[in-house]
Every structure is written in C-alpha cells, then in structure tokens.
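Here's a quick tour of one protein model. Have a look at the rings and the sheet as you read along.

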Amino acid sequence: RLLLHSLACEGLREGDRLRGVAFQGKSGRFAVLADVVIDASGDGDVFASAGVPFELERVLPWLWFRMGGVPELDRVLDEGGAFFRTVADGQVLLPWGATERIVTKIDATDPEDLTRAELSCRRKVMEAVDELRRSRPEFARAHVCEIARDLGITESRRLVGDVVLRREDMDRRRADEIALTGHATRCGARYWIPYGSLLAPGVENLLVAGRCISVDHRTHHATKEIPSCMATGQAAGTAAALAVRGGTSLRALDLAGLRERLVAQGAILDLPASA
C-alpha cells in the first residue's frame, strides 16, 4: 500500500528484530509494523536509527538546472561547455557543482550542512546564469526554466553489512550474487553484488537497497548509480517477499531460488556470450 508525504524517522527495534518503522506526517507520528523492513532511503536513515554499524562519507554537493530560450542549440553544443541536450527545443541542462568550484564537503545527514549547501548552490546557479548571459551570445535572452529541488548527493552513510563488497572484488563472481553492475567511470569493470551486502548485522529482518548498501568507498562509485540501485532494490524486494511467503528468515533464504526468481523477472546476473 503506497503512502506518500511521510518521512521515516526511526526503526522500532526490539532485540534482534525491527517491529516496524516510525513515520512523521502532517497528521503526526505513526508506526508501520512489518515482518521485513527494507531501508531504501539512500542515506541509511532506518538502519542508522536502529543502531546498525555504518561508515559516513562527506561529499561535494551538486545542483542541476535547466535553461531555455537558447537558439541554434546544435551549434552551442558543438562548441562545447557543460551543457546537455534535453527533450525540449532550445533547452539545455547544466550542472552546478564541479569539484573545482566547491571547497567545502558536507555531511549529507546534517540539516545545517544541507541548508548551507543548498543556499550557496542556488546563489552559484544564478551567478553562473549571469555569466553565461554575459559571455555567450546565445544565452543573452535565455531564461531559467527550473532549478533542481534537491541537491545532488552522491554518498552519505554506507552500511557495514554481513559482507562488504570491496574494490578488489571487481570482476569476481560470487556464490551469493544477486545483482550485476558496471562502473560509470571505469569502462569494462563489473561488480557482482552479494546478498550479504544487503543484510544488516544484528537485525534479522532488515534489508538495505540502493546507494547505502555495504560496499567500500571506491566500490560505491559503481554501486551508487541508478542501474545498480534498481537491481539491489529488485533483489531486496524479492527476497523480502520470498521470506515472508515461505515463513523463513532472511539469512536462511534459498539463494538459488532467489536468483531463479530474479532472472525470471528479467534481472541480469550473467554476462552475454559476446562479453
């Protein structure tokens, strides 16, 4: 049952299990009880509140924005610059937040850090817009269509799970693999993600999916991307469903059966023959 406009506040831990999760909405605080909980918050909000071990990385924030009213778009793109084509005529997508422009890393779980970063990035966006209007004739009459509603955050908390997938595990098959991902910045590199990277130590009914699974910092550059987040989300959801329906614990789950179900759903676990 889908429920929007509510924030997960705290995992309700009793011994080695979570009874559920406390949420905050406009109507007040309430709890959702569950046989299995999946933390797909990206920042590990549920597992952190439940006392599960994690590592925290400080990062440089990004803020994307779109500009419209740009004539001769093909020529603008050919001439170079930090512009990306959009599906709309005369519109370009721009990132603000290149490493050389930012000097302060932030803790993306700290509201004060996030507030300072958002205000600073929004000011920098408008400075970038003014500079483009001054320096590029094509942008002289361009307008801001939209500034991203959220900062671009690449990393914050990472689970220290039953298994920590590490850089040296690149290109190695695993007995408990449940997902396969490439690497956005390393052509040809592959990681088979283990089921143990989704399991939270000390909590029997908690799975983690998405950006905050159990990997080291270097491997996180691969597993934080959208395809791997989708793959671990599918694996966690399927594992939770199989455990509940079969009346078994997450750690006693038949992994061969889980992989069979994932492949039947279209998940990619093997390389194509030509690879």
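Rings of Phe, Tyr and Trp (its six-membered ring) pair if their centres lie within 6.5 Å; planes under 30 degrees apart count as stacked, over 60 as edge-to-face and the rest as tilted. With that in hand, a search of the whole structure turns up four aromatic pairs. Keep in mind that this is a predicted model, where local features need pLDDT of at least 70, side-chain atom pairs count only at pLDDT 80 or more, and totals for chains, interfaces and linings use all residues. Residues are numbered from 1 along each chain as its sequence is written, and side-chain values use heavy atoms, with hydrogens and water left out.

**Rings**
- F47 and F54 have ring centres 6.3 Å apart and planes at 50°, so this pair is tilted.
- F47 is buried, at 0% relative accessible area (buried is under 20%, exposed over 50%, partly exposed in between, with a 1.4 Å probe and protein chains only).
- F54 is partly exposed, at 36% relative accessibility.
- The charged end of R157 sits over the ring of F54, 5.6 Å from its centre (this needs NZ of Lys or CZ of Arg within 6 Å of the ring centre and within 35 degrees of the ring normal).

**Sheet**
- Three strands make an open, antiparallel sheet in the order 1-2-3 (strands are DSSP E runs of at least two residues, numbered from the N terminus, and two of them pair if DSSP finds at least two bridges between them).
- Strand 1 (6-14) and strand 3 (28-33) are at the edges with a single partner strand each, so one side of each has no neighbour in the sheet.
- Strand 1 pairs with strand 2 (residues 17-25) over eight bridges, in the antiparallel sense.
- S6 has G25 of strand 2 as its bridge partner.

Notes. Helix = DSSP H or I, 4+ residues; strand = E, 2+ residues; numbered from the N terminus.
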